[in-house]
Amino acid sequence: MFVLTIDQRGSRSGTDRVPELLAALARVPVVRGFERTVGDEVQGVLDDPDVVVDTALRVLRDGGWSVGIGAGAVDEPLPASPREGAGPAFVLAREAVEAAKSRQRPVPLAVRGADPQAAADADAVLVLIGAVAARRTAAGWRAVDAARETDDAGQGVVARALGVSQQAVSQRLLTALWAEELAARPAAARLLTRAAG
């Protein structure tokens, strides 16, 4: 099981963005839905590592959040609210989000797991993907978003959707390292599964 704990960065001096985040995560397939736990913190329970990867990267893209992923067991039966949940995955998610807040990290994301080595490996891959995505230009994001919306139906389809040449799409996706991210996401998900033990 995976617990995501997401904390707003700099919330004391800024607007409360939790309602906006909860709305954005409302359609994520979860075991227990995301909800505000305390202050500016949100937590949810998931069982699909691919969804965990997608959700974590999506939150990072929005910016202004620290993301902690705890991979491990939860106490059963799981209560209706993540706020009432307990077990190693919740404790690990707490440790992870505190680590993610460190200014030493290039990307505000951290993974802790029942298998510490696998969790460290998952952490490294996810931070790398997050760092690549953080350097993407607006044009690169438009190409990536169009590719995702068309289910990677081909650069010709993406080019028509964006109103640019196929060559321009190819260059933007190449610069955005989209193919590399697509290849790395399943590896991150597999490492998260191992991290959960």
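The model is predicted, so local features are described only where pLDDT is at least 70 and side-chain atom pairs only at pLDDT 80 or more, while totals for chains, interfaces and linings use all residues. Residues are numbered from 1 along each chain as its sequence is written, and side-chain values use heavy atoms, with hydrogens and water left out.

Helices and strands are DSSP runs (H or I, at least four residues, for helices; E, at least two, for strands), numbered from the N terminus. The crossing of H4 and H8 is left-handed, a term for a near helix turned anticlockwise from the far one by less than a right angle, with clockwise giving right-handed. Contact here means heavy atoms within 4.5 Å. Among the H4 residues that meet H8 are Ala122, Val125 and Ile129, and the H8 side includes Ala188, Leu191 and Leu192. The residues of this contact divide into 12 nonpolar, no polar and four charged. In this grouping, Ala, Val, Leu, Ile, Met, Phe, Trp, Tyr, Cys and Pro count as nonpolar, Asp, Glu, Lys and Arg as charged, and the others, Gly among them, as polar.

H4 also has a contact with helix H2 (residues 49-62), where the axes come within 10 Å and cross at roughly 40°. H2 and H4 are therefore oblique to each other, and their crossing is right-handed. Val53, Leu57 and Leu60 of H2 meet Leu126, Ile129 and Gly130 of H4, a set of five nonpolar, one polar and no charged residues.

Helix H6 (residues 155-162) shows how a helix can have two sides. Gly156, Val158 and Ala159 in H6 are buried, that is, under 20% relative accessible area, against over 50% for exposed and in between for partly exposed (1.4 Å probe, protein chains only). The buried residues fall within an arc of 160° seen down the axis of H6, so they line one face of the helix; the arc is that of the directions from the helix axis to the C-beta atoms. Helices H5 (138-149) and H7 (166-175) are among the elements covering these buried residues. Arg160 and Ala161, on the other side of H6, are exposed. Just after H6, Gly163 takes a positive phi of about 70°.

Leu4 sits in strand E1 (residues 2-8) and is buried, with a relative accessible area of 0%. Beyond its neighbours within four places in sequence, Leu4 is in contact with residues including Phe34, Val52 and Ile69.

Two loops complete the picture. In the loop between strand E4 (65-71) and helix H3 (88-100) lies Pro77, and the peptide bond from Glu76 to Pro77 is cis, with omega near -5°. Leu177, in the loop between H7 and H8, has phi near 55°, a positive value in a residue other than glycine. With 34% relative accessibility, Leu177 counts as partly exposed.

Notes. Axes fitted to C-alpha atoms, helices over the stretch in contact; angles between N-to-C directions. Parallel < 35°, antiparallel > 145°, perpendicular 65-115°, else oblique.
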